[in-house]
Amino acid sequence: RRSHMNIHTYYENENIKNLHYDNLGIYENRHKYDLKKFKKKILLLIFKTFKNNHNYMFKFVPIRIMITFNDKTFKFENSELNDYVKRIKNIVGEERTIELFYEQYYKNHEELFLKAYSKGTFSFEIYDEIERNIFHLSQGERKIFFDFLLIYDALESKKDDIFVLLDEPDLTLHPNWQKKYIKQLVQFFSDIDKKIHVIITSHSPFILSDIPKENVIFLGRYKKDDIEVIEGHQRVGNCKNVSNSLDIKQTFGANIHTLLSHGFFMKDGLMGEFAKEKINQVYKFITEQDTNYIQIKEQAQNIIDIIGEPLVQRQLQQLFDEKFEITNMTIDDEINFLETKLDALRKIKRD
């Protein structure tokens, strides 16, 4: 998909509009993304957002700007543009606060600034108080900053209460950033003096673990032959509400393994399908003498040796030893094996 963040409403009129990365004008067509345009739009939004204050509701707070001038000789027919470019050239290598740069070089010269910048006469970078460059942030930090910047810009122009839909904002985020997302979002919205109703779509158990079950709707797919009529109308779309059919007591603060199993319909196991298939092949080789995939016992032993789940590894090793009459397990090993199995059974019972 082309976008990782949308703001939508269910209404369509000239006063209520959807915000999408496409609205930034960063696509030449539906399939070609222009990074230069995106960078320019983000930096211009930064001017707009941070021109008068440091706005500490953001985790990254840009405060300084530095201009880099192209070595080529630029001569334009427009004398006003030439004069502006000369002014910009005079501050090359010098840092300016964003507020000062905005007042002196952008506020009353936006058209000249954009023309000069679009022709490649200069580029600029911005820094925070600890000298971090915005494009030197980690991908997760940068994405959250971009998302929040776009949200803030959209909300600033609204006077009324606001309805916001964030469509899978956790996409591309490292799990550690997914864990932090809701906390940062709540802190961010709490600094905006408006009533905001937020709906989030997500496939992340970390996002789900920060939301009470009472505020969650679980969606499943209709089967091919399913027919549902609601208030006299046949269903529309492929998803249905399956919240009441899930065996899950609470989502808030829940273990992510439990959420994955019950909330994301993964009751058939949480390990990778490739690993699961290889383990099944080892099991069939041992118990059914199936040699379609594993031909010799050394292959089976190599796979058993690298299995990361202790209970599965021990059970397969025991079957392997019994099958090939290998008795390497000491009494202590057997005790550890049985204790591990008992702990696993207790965990299953608790869940």
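## Salt bridges

In this predicted model, the side chains of Glu95 and Arg64 meet in a salt bridge with an N to O distance of 3.2 Å, where the term stands for a side-chain nitrogen of Lys or Arg within 4 Å of a carboxyl oxygen of Asp or Glu. Glu95 belongs to strand β4 (residues 95–97) and Arg64 to strand β3 (residues 64–69), so the pair ties together parts that are 31 residues apart in sequence; helices (H or I, at least four residues) and strands (E, at least two) are DSSP runs, numbered from the N terminus. Arg64 counts as buried at 18% relative accessibility, whereas Glu95 is partly exposed at 34%; buried means under 20% relative accessible area, exposed over 50%, and partly exposed in between, with a 1.4 Å probe and protein chains only.

The whole structure holds ten salt bridges. Among them is the one between Glu103 and Lys107, at 3.6 Å from N to O, in which Glu103 is partly exposed with a relative accessible area of 39% and Lys107 is partly exposed at 44%. Arg132 and Glu141 form another, at 3.5 Å from N to O, and here Arg132 is partly exposed at 27%, as is Glu141 at 26%. Salt bridges with shared partners also join Arg64, Glu95 and Glu131 into one network.

## Basis of the values

Residues are numbered from 1 along each chain as its sequence is written. As the model is predicted, local features need pLDDT of at least 70 and side-chain atom pairs count only at pLDDT 80 or more, while totals for chains, interfaces and linings use all residues, and side-chain values use heavy atoms, with hydrogens and water left out.

## Nonpolar cores

The largest nonpolar core has 57 residues, and those with the most contacts inside it are Ile46 and Phe47; such a core is a set of buried Ala, Val, Leu, Ile, Met, Phe, Trp, Tyr and Cys residues joined through side-chain atoms within 4.5 Å. Helix α5 (residues 139–156) supplies the largest share of this core, nine residues. A second, separate core of eleven residues includes Ile279, Phe285, Ile286 and Ile304.

With residues up to four places away in sequence not counted, Phe47 touches Ile65, Ile98, Phe101, Tyr102, Tyr106, Phe113 and Phe124, a contact being heavy atoms within 4.5 Å.

## Aromatic pairs

The structure holds 27 aromatic pairs, counted for rings of Phe, Tyr and Trp (its six-membered ring) whose centres lie within 6.5 Å, with planes under 30 degrees apart classed as stacked, over 60 as edge-to-face and the rest as tilted. The rings of Phe47 and Tyr106 have centres 5.2 Å apart and planes at 50 degrees, so this pair is tilted. It links distant parts of the chain, with Phe47 in helix α1 (residues 35–50) and Tyr106 in helix α3 (residues 98–106), 59 residues apart, and both Phe47 and Tyr106 are buried.

Phe50 and Phe145 form a stacked pair, with 6.4 Å from centre to centre and 20 degrees between the planes. Phe50 lies in helix α1 and Phe145 in helix α5, so this pair ties together parts that are 95 residues apart in sequence; Phe50 and Phe145 are both buried. Ring pairs also link a cluster whose members include Phe50, Phe58, Phe145, Tyr152 and Tyr181.

## Positive phi in one loop

Glu168, although not a glycine, has a positive phi of about 50 degrees, and Glu168 lies in the loop between β6 (162–167) and α6 (175–190). Thr172, placed in the loop between β6 and α6, likewise has a positive phi, near 75 degrees, in a residue other than glycine. Glu168 counts as buried at 13% relative accessibility, while Thr172 is partly exposed at 42%.

## Helix α11 and the whole chain

Helix α11 (residues 310–323) has 14 residues and reaches 20 Å from its first C-alpha to its last, close to the 20 Å expected at 1.5 Å a residue, the expected span being 1.5 Å times one less than the number of residues. Its buried residues are Leu311, Leu316, Gln317, Phe320 and Asp321.

The secondary structure of the chain comes to twelve helices and eleven strands, and 37% of the 351 residues count as buried. Among contacts between residues at least 6 apart in sequence, 63% join residues at least 24 apart.
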